[in-house]
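Please have your viewer ready.

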Amino acid sequence: MKPTTRGTLAAVVTGVAAVVGAAATPAAATPTVPVPVPLDGVEKSLHMEVPKLGMELPLLIPGVPEGPRYVQGRLLPDRTLPQVPLNGGLPGVGLRAPLPHLLGDGYDHIGVGTPASGLRALTPGLALVAPLTAPDPQHLGMPAPQMPDAGVLAPALQTVVGGDLGAGPGR
């Protein structure tokens, strides 16, 4: 086997492996940016324990819209303004605060958390029908008038939200 053939074969195998690896990534694993809220200075200046707060902000990733489709007998394509899919997530929040032994010994902290959850959305779209038909060979190639029509493709939103509430010991 020639070196150029081996190089081409290696490039093809590498490309296929990259595509398979990208397809195996779960859709729910949206990239997030952690945002800690720094309250250490307040804790040291007041000489008391303050709540711990942190967030996760997801990044929106636009998808590839489904393009307009040609429909026979119409001048404008179906879905003139296509819907754009967006993948991302809802932000996650974590809060842990001191609790002054209201629930008994061993329960001196309370925690509330909502993990970042996946989000799938479609933007609104638009479907239009022109006031003229397609050229008609029976009328010497001239289009015929018709009533214009417009329709809005409704947006869609899909997600599952979860949360945790707990009390316990510890810092």
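Strands β1 (32-37), β2 (52-58), β5 (92-98) and β6 (109-114) each supply at least two residues of a nonpolar surface patch, strands being DSSP E runs of at least two residues, numbered from the N terminus. The model is predicted: local features need pLDDT of at least 70, side-chain atom pairs count only at pLDDT 80 or more, and totals for chains, interfaces and linings use all residues. Residues are numbered from 1 along each chain as its sequence is written, and side-chain values use heavy atoms, without hydrogens and water.

The patch has about 810 Å² of accessible area together, and its members include Val 33, Met 55, Ile 110 and Leu 165. Patch residues have over 30% relative accessible area and no salt bridge, with nonpolar side chains joined within 5 Å; a salt bridge puts a Lys or Arg side-chain nitrogen within 4 Å of an Asp or Glu carboxyl oxygen. Areas come from the Shrake-Rupley method with a 1.4 Å probe. β2 gives the most, with 3 residues.

| Residue | Relative accessible area | Class |
|---|---|---|
| Ile 110 | 32% | partly exposed |
| His 109 | 4% | buried |

The side chain of His 109 makes a 2.6 Å polar contact with that of Glu 49 (N or O atoms within 3.5 Å, one able to donate a hydrogen and the other to accept it).

The 5 strands form an open antiparallel sheet, ordered β1-β2-β5-β6-β11. β1 and β11 (164-168) are at the edges with a single partner strand each, so one side of each lacks a neighbour in the sheet.

Key
Patch = residues over 30% accessible without salt bridge, like charges linked within 9 Å, V, L, I, M, F, W, Y side chains within 5 Å. Helix = DSSP H or I, 4+ residues; strand = E, 2+ residues; numbered from the N terminus. Buried < 20%, exposed > 50% of the residue type's maximum accessible area, 1.4 Å probe, protein only. Pairing = 2+ DSSP bridges.
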